Amino acid sequence: MEACQNCGAPAEGSYCSECGQRQATGRFTLRSVLASALAEMVNLERGAVATVHLLTVAPGSLIRDYWSRRTRPFMNPIRYFLFAVAVFQVVLWQTGGARSIVRGWQDSSDDPQSIISQAEALRGFGEYFLLFFVAGVLILALFSRIGSPRNVAEELIFQLYVWGHIALLWAMLSAIGHVAPLAGPAKLFGWGVIGATVAYYTWAHVKAHRPDSGRSRWREVSEALGTLFLFASAYVLLAGAVAGFLITAFGNG
């Protein structure tokens, strides 16, 4: 029995039973390096494709599988969430959506003279964009824990997957609105995202939680809508606080 080259544990067969590293002998070759890189790329692609596909057609199934520790076929929820938010952020900046948000903050300010330039406001918004998303997911995980048989960590997994997928949906709607101006990009993104977000979140909540709770479908729908209402109320306050902070922290006054 050979010792694992990575952790030193006894290794029998092609992979170490402790750390999972593939056992190999001899020196690196160009072929082995390229083959290893290709294998990593294929594994990442398979995990991403499977995750996006199931979150689109059967989010409850994926989340319940992950809760049951069947995790290998899917991207880690934190990794998926960060990937999706990054995609949405790129699309938001490329389509001018971020500029519209900042302009809205500036227009709603009581003291326009203290507002910085749009470029500086965009820079500040970009720096706190991810923090804003993470805070929202944590708030939702706490709210969705109320009346749920799942603990906070399991609810956080649910929120990370669902809101990561919603971020990809937002990115798609924003891109469509940008390339199809006749459809009214602002209206398409505004009303479309609200309706799609509520519908998808409610559907995913029911499919993931109902088998545990044993409650009726409509009871679970009301639970999901109630959670979204509490979240929206808290998030409006949070958004106002963040907007005020950005205006104050980066303002000329």
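Student: What makes the meeting of the E154 and R150 side chains a salt bridge?

Tutor: In this predicted model, their N to O distance is 3.3 Å. The cut-off is within 4 Å, from a side-chain nitrogen of Lys or Arg to a carboxyl oxygen of Asp or Glu, so the pair qualifies. By this rule there are five salt bridges.

Student: Are E154 and R150 buried or exposed?

Tutor: Buried, both E154 and R150. That puts each under 20% relative accessible area.

Student: What joins R64, R150, E154 and D212 into one network?

Tutor: Salt bridges that share partners. One of the pairs is D212 with R64, whose closest N and O atoms are 3.2 Å apart. D212 sits in helix α7 and R64 in helix α2, so this bridge ties together parts 148 residues apart in sequence.

Student: Why is D212 called partly exposed?

Tutor: Its relative accessible area is 32%.

Student: What about R70 and D65, what makes them a salt bridge?

Tutor: Their closest N and O atoms are 3.1 Å apart, and the limit is 4 Å, so they count. R70 is partly exposed at 45%, and D65 is partly exposed at 22%.

Student: Which residues have the most contacts inside the largest nonpolar core?

Tutor: Y161, V162, W163 and Y201, in a core of 39 residues. Helix α6 gives the largest share, twelve residues. As for Y201, its contacts include V162, W163 and L228.

How values were computed
Residues numbered from 1 in each chain as written. Predicted model: local features only at pLDDT ≥ 70, side-chain atom pairs only at ≥ 80, totals over all residues. Heavy atoms only, no water. Core = buried A, V, L, I, M, F, W, Y, C linked by side-chain atoms within 4.5 Å. Buried < 20%, exposed > 50% of the residue type's maximum accessible area, 1.4 Å probe, protein only. Helix = DSSP H or I, 4+ residues; strand = E, 2+ residues; numbered from the N terminus. Contact = heavy atoms within 4.5 Å. Lists of a residue's contacts leave out its neighbours within four places in sequence.
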